[in-house]
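Me: I would like to learn how to read a few features of a protein model. Could we go through them one at a time?

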Amino acid sequence: MAKYSKVLYDYIGRQYERKNLYLKEVALLQDKIGHASPKEKETLKNQLKELISSKDKHPYLLELKEYEVNEKRFLDDLKTKSRTFEESLDKSLSGDVKKLEKRLFESKLKEDFYKDYVELTYDAEYHFKEAVIDMKLLPSIVYNIGRLEQELQSALNLRPEGDKALISQEISRFKAEKKAVLDKRSDELKAKRKDGLISEKAMKNGLKEIRKNYQYAVRVKEYDDPDKMKKELIKSKRYELKDYIRVNKRVANADIADARRNTPIEVMKTKPVNTMIGLLFPGVGQLLNKQPVKAALFFIGLIFIYAIAVPYALGYGNYQGEGIAGLISLAEDGRRIDKSLIFMIEGVVAMILLIFSAGIYIANYKDVRNVEMGEIRGTRGKNWFETAQTIEEDGFPYLVSIPALIVISFIVLVPIFTAILLSFTGMDPRNQSKFPWVGIQNYKLIALGQGLAGSVFWQILAWTVIWTLTATTLAIVIGFGLALLANNPRIKGKGFFRMVYLLPWAVPAFITIMFFSIMFSNTGALTQIIDNVFGVVIDFKNDTFWSRFILVMMQGWLGSSYVFLLSTGVLQAIPDDLYEAADIDGANSWQKIRKITLPMVLFQTAPLLVNQYTFNFNNFSIIYLFNGGGPFNPTKYGNLAGSTDILISYIYKLTMDNQYQAIGAAISIVISMGLMIFAFIGYKNSKAFKEERL
């Protein structure tokens, strides 16, 4: 037999004595058995069995059963009396007043009934407290609502007094006078500005102030119009009435919620039965826990699971696929028009829908179990007012995040999961419509450098790493050096130099790249200048070394502006006191840069500089636009890549130009994993991360 606790606990762990004498006796016997000697245990167990077997004859349970019968009869009578009372109310009363009058009438009857059973059960005690709170608060609320409604009706029946035409003329005359004063004071301010007595800013602020005073005076005067005054009065009274009802209902519900939290509950069960019943049907458990509004919300989840997610996962509603089964088969032995990729995408969508369904199941299980286990301990489940308060206070971040999560799932996770799965297939030029699963074959080709696509992977990876390190480091060095130069107090015309240094960032990158691509072509201006000046003909775009050198230089220049901007901001924030102290200690310029400037700049910018490395690792545009990845050397790189191709441009050629989508996806996954590890190590080793600034 499951064990009962001797005491009950509320929501903050306060202890309460049991009022259910039967459960109290059972709990005491169970506790004695746990501490008794073997000989005494047998006697106590027999007593416990006898107590349980005679449960139906226990005096307390008989009295409790009588109370439950009387309560049911009382509630049935209450419905009839309440309906009769509602019909007897004055028809002129508003709906809000009628509801509150009815609630007050019911509270009086409940108080009279439950006061005799307060010592018998905590349920009766709670209902009694609820009735007392209503009896205390509702009379004044009903009175004040009636008063406010009368004031609103008086405002609606208000008849404007006075001659409208005369009042309108008076308002127009007042406006004209105030406008004349406004114009006069405006002219005075402008004259003072012209004479140089006040600044431009002072004049603008003065004009703004006198215009504001003019508008305020006119607005106040317009309320002399009886129609406008009546309209504003009605608007004010309606808002006052609505706000009073809202606030006082909230106060009453808060007091009842407080009484609910401070009054325990006793239940006979010791296991979460409702949790098991509602495990597969979200909303059922909440309904059994007497939380109807929450149940309605979980029923929406139930509809999503059994009307959308599960049917879609089984293939219903798919464009071509067969849900999860289609993800496994990839249209094998399917129709000619069936495509494996569509089967895969629809299978991924089905997986995401099932993941959402699993999330709903988990949330449903936890919610029902928490409420039910709380009741077993003695804590009452929350009513909707308390639940709504919890959502407002603690659930807002989740409510805001859910729409974003749904959008991200379909525009981000679906492509990512599809790419991951695609990397384990054999989608290549010969298998475009239908392709099989091949396991880790693509990763094996990459790791061993085998096959047409994998044979050049390591060479391209090596160049990609060299490109990333050199181009990014060069950009950082140039940007930081220019920032130091522009921040030097001895430099004149800093604004001009800062504007020039930001030009590479201001001008669209593709324009700069295409410009240099043309300039370094065989007939380009720079090629011709070098030929004419030095007498050397260099085919820059067909020479691997020069193409790579130009790309690194060009990216160093393009990326320097961003680093310059970051460094300038940090340099301007470094206190001059540090440099003055260093001068006193006899430090030279290099020591000040190494010990003060560089550590402080890196502390602020290191995470962003890590991003620069990851960006350049995948910098597709500069490679593709400058020379299309060339020059091409089929003996070394085959027909799929050029000597300046980095991994991202190589993937583009594999997938878009040559239809090796599967191995392209595998390389993408390898790149992503590598960059994530690199970024994590970079962030983790930065000083800002170690000091928990990130």
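Me: Is F516 buried, exposed or partly exposed, and what is its relative accessibility?

Reply: Keep in mind that this is a predicted model. F516 has a relative accessibility of 25%, so it counts as partly exposed. The residue F520 has a relative accessible area of 14%, and therefore it is buried, as the cut-off for buried is under 20%.

Me: How is a pair of aromatic rings described?

Reply: Two values are used: the distance of the centres and the angle of the planes. The structure holds 26 aromatic pairs. In one of them, the ring centres of F516 and F520 are 6.3 Å apart and the planes stand at 25°, so this pair is stacked.

Me: Which residues form one aromatic cluster with F516 and F520?

Reply: The cluster is made up of F515, F516, F520, F540, F545, W546 and F549.

Me: Is the pair of Y613 and F678 stacked or edge-to-face?

Reply: Look at the angle of the planes, which is 65° for Y613 and F678, with the centres 6.2 Å apart; the pair is therefore edge-to-face. Planes over 60 degrees apart fall in that class.

Me: Which helices hold Y613 and F678?

Reply: Y613 is in helix α25, while F678 is in helix α29 (residues 661-685), so the pair ties together parts that are 65 residues apart in sequence. Y613 is buried, at a relative accessible area of 17%, whereas F678 is partly exposed, at 37%.

Me: At what angle do helix α24 and helix α25 pack?

Reply: Helix α24 (residues 576-584) packs against helix α25 (residues 589-617) at about 165°, and their axes are 10 Å apart. That angle makes α24 roughly antiparallel to α25, because angles over 145 degrees count as such. The crossing of α24 past α25 is right-handed.

Me: Which residues make the contact of α24 with α25?

Reply: From α24 come L578, Y579, A582 and D583, and from α25 come K592, I596, T597 and M600. Sorted by kind, the residues of this contact are five nonpolar, one polar and two charged.

Me: What separation do the C-alpha atoms of E170 and E222 have?

Reply: E170 and E222 are 52 residues apart along the chain, and their C-alpha atoms are separated by 9.8 Å. E170 is found in helix α6 (residues 164-194). With a relative accessible area of 30%, E170 is partly exposed.

Methods. Residues are numbered from 1 along each chain as its sequence is written. This is a predicted model: local features need pLDDT of at least 70, side-chain atom pairs count only at pLDDT 80 or more; totals for chains, interfaces and linings use all residues. Side-chain values use heavy atoms; hydrogens and water are left out. Axes are lines fitted to C-alpha atoms, for helices over the stretch in contact, and angles run from 0 to 180 degrees between N-to-C directions. Helices (H or I, at least four residues) and strands (E, at least two) are DSSP runs, numbered from the N terminus. Angles under 35 degrees count as roughly parallel, over 145 as roughly antiparallel, 65 to 115 as roughly perpendicular and the rest as oblique. A crossing is left-handed if the near helix is turned anticlockwise from the far one by less than a right angle, and right-handed if clockwise. Contact means heavy atoms within 4.5 Å. Ala, Val, Leu, Ile, Met, Phe, Trp, Tyr, Cys and Pro count as nonpolar, Asp, Glu, Lys and Arg as charged, and the others, Gly among them, as polar. Rings of Phe, Tyr and Trp (its six-membered ring) pair if their centres lie within 6.5 Å; planes under 30 degrees apart count as stacked, over 60 as edge-to-face and the rest as tilted. Buried means under 20% relative accessible area, exposed over 50%, partly exposed in between (1.4 Å probe, protein chains only).
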